[in-house]
Amino acid sequence: MITELLLWSSISLIIMAGCYNSSLFMLSRRRIRRSRTDRRDRFYVFLLACLNEEKVLSESLSRITSLPARNFMALVIDDGSDDRTSQIALAADPAVVRLHRRTPPNARKGKGAALNDGVRHLRESGLLAGHDPADVVLCVVDADGRLDPHVVQSVDPYFDNPRTGAVQICVRMYNRHLGLLARMQDMEFVVYGDVFQSARRSIGSVGMGGNGQFMRLSALDTLDGDGPWSDSLTEDLDLGVRLIAKGWTNQHCTTAAVSQQAVLSLRRLIRQRSRWFQGHLQSANLVPLILRDVPTRAALDLLYHLSSPVLILLTSLLPLSFLVAVGATTVASVQAGRSLVSPMWLLGPYLLSFTAAYAYGFIYAKRERELGLVRSVLLAHVFVFYGYIWFFAGWWGFWRMLTGQRGWLKTART
């Protein structure tokens with residue numbers, strides 16, 4: 001009885017998630033038209049919070065300094081590095097790249113603290129003097145982030161709307177050709193951006209990612225607290241929700257991307273995702289804010305999104321419950337002397353698990369045309385199994401939260 005209850009509860013969760021995902025897939029196919037307005041001359045500041053990033057920083061700064069834009073700068077925030085991070089920043093084009101060093105005991109307090117200090121430095125140093133906060137756009141770029149050359153031209157029109165507070169661009173893996181694990185991470189971000197984020201433009205619940213997020217300074221100024229970013233392990237998620245709660249519109253740009261380094265070690269990947277999972281659990285404190293200040297349709301989607309850690313933990317019980325149910329049925333069939341195992345035991349789980357693979361393969365094939373549709377759909381079947389890493393990461397993150405561990409678990413670069 002308990003086994004059946006567990007099995008059908010898990011199946012119900014998967015069906016609910018499937019209906020939700022299907023709805024977002026349909027919404028993501030809608031074209032969003034923007035009204036044309038007079039362009040303004042905006043000042044772009046790229047913020048790179050760095051802790052021991054000598055392996056990847058040089059290439060990222062090279063991409064930024066070569067952008068075909070007129071009015072921009074990059075601020076490297078060295079968060080107490082003990083490698084050559086600062087020297088690499090100082091060796092870059094001094095007309096565009098500035099360095100801000102953080103030292104102990106204030107350094108190494110998390111990405112949010114480093115970004116907040118970077119914004120304070122921009123104000124106090126006079127680097128923003130003469131610029132209207134409404135025309136200053138800050139962009140968070142990870143140290144391994146490689147921006148598309150046309151990123152400013154793609155993002156800038158969104159800020160013509162004075163209510164646009166932030167714009168998130170697509171995220172790709174620049175080393176996606178180095179094995180199946182890297183390819184799965186690239187597919188994960190493509191699906192998230194082209195389906196979920198694109199659909200949320202119609203709902204009003206676009207989220208911010210930790211890489212390639214553009215924010216209007218005047219929008220950040222409306223947020224409560226000592227700085228725009230919180231001390232959460234998913235400070236980007238918090239920021240996006242708080243902007244929506246203040247009445248700003250978050251947008252998702254599908255025509256530009258920032259490419260980052262995929263993690264090539266399974267253990268490191270699970271470690272990274274456990275931090276993300278723990279950060280989502282911490283974001284439960286946003287629920288009262290959402291219920292109070294966010295419009296109903298966007299609030300419902302955000303609440304569902306924030307409930308994803310609980311749904312993941314519950315869904316992780318499905319493989320176990322399915323195996324137990326199959327075992328019990330097999331034993332019963334042997335005892336009864338006849339077969340009680342129906343073909344639905346194979347067809348049902350396949351339809352529940354892999355129907356989305358065809359949609360995901362279609363989406364990915366549009367981004368990776370050299371793979372073709374058939375190979376993309378086959379990869380999407382593997383992607384379903386790849387999603388199981390969230391079960392391990394989820395329970396690890398849950399355990400860290402129960403035991404009071406709040407360390408950053410920084411992802412090592414290669």
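Predicted model: local features only at pLDDT ≥ 70, side-chain atom pairs only at ≥ 80, totals over all residues.

Residues are numbered from 1 along each chain as its sequence is written, and side-chain values use heavy atoms, with hydrogens and water left out.

Colour next by secondary structure. The chain has 16 helices and eight strands; these are DSSP runs numbered from the N terminus, with helices being H or I of at least four residues and strands being E of at least two. Contacts (heavy atoms within 4.5 Å) can then be considered: among those with a separation of 6 or more, residues 24 or more positions apart account for 80%. With a surface displayed, the chain exposes about 19,800 Å², of which carbon and sulfur atoms supply 60%; accessible areas come from the Shrake-Rupley method with a 1.4 Å probe, and for residues only the protein chains shown count as cover.

**The nonpolar cores**

Select Y44, F46, L48, V151 and F214. These have the most contacts inside the largest nonpolar core, which has 38 residues. A nonpolar core is a set of buried Ala, Val, Leu, Ile, Met, Phe, Trp, Tyr and Cys residues joined through side-chain atoms within 4.5 Å. Another core, of 31 residues, lies apart from it and includes A199, A357, V384 and W390. Returning to F214, and leaving aside residues up to four places away in sequence, one finds that F214 touches Y44, F46, V137, L138, C139, V151, V155, F159, G165, A166, V167 and I169.

**Helix 2**

Select residues 57-65, which form helix 2; its buried residues are L57, S60, L61 and I64. Why do they lie on the same side of helix 2? They cover an arc of only 95° around the axis, which puts them there; the arc is that of the directions from the helix axis to the C-beta atoms. Their cover includes strand 1 (43-50), strand 2 (72-79), helix 3 (85-91), strand 3 (97-102) and strand 5 (146-147).

**Two loops**

Move to the loop between strand 1 and helix 2, where N52 lies. N52 has a positive phi, near 55°, although N52 is a residue other than glycine, and is partly exposed at a relative accessible area of 27%. E54 has its place in the loop between strand 1 and helix 2 as well, and is partly exposed at 32%. Not counting residues up to four places away in sequence, E54 touches D83, R84, T85 and I88. A C-alpha to C-alpha distance drawn from E54 to S81 gives 9.2 Å, although 27 residues separate the pair in sequence.

Then select the loop between strand 3 and helix 4 (111-124), the place of P105. The peptide bond from P104 to P105 is cis, with omega near 5°. R108, which lies in the loop between strand 3 and helix 4, has a positive phi of about 60° and is not a glycine; R108 counts as partly exposed at 44% relative accessibility.

**A surface stop**

Finish at helix 14 (residues 344-367), where L347 is found. L347 is partly exposed, with a relative accessible area of 42%. Together with Y350, L351 and Y358, L347 forms a nonpolar patch on the surface with about 370 Å² of accessible area. Patches are made of residues with over 30% relative accessible area and no salt bridge, like charges being joined within 9 Å and nonpolar side chains (Val, Leu, Ile, Met, Phe, Trp, Tyr) within 5 Å; a salt bridge is a side-chain nitrogen of Lys or Arg within 4 Å of a carboxyl oxygen of Asp or Glu.

Methods:
Buried < 20%, exposed > 50% of the residue type's maximum accessible area, 1.4 Å probe, protein only.
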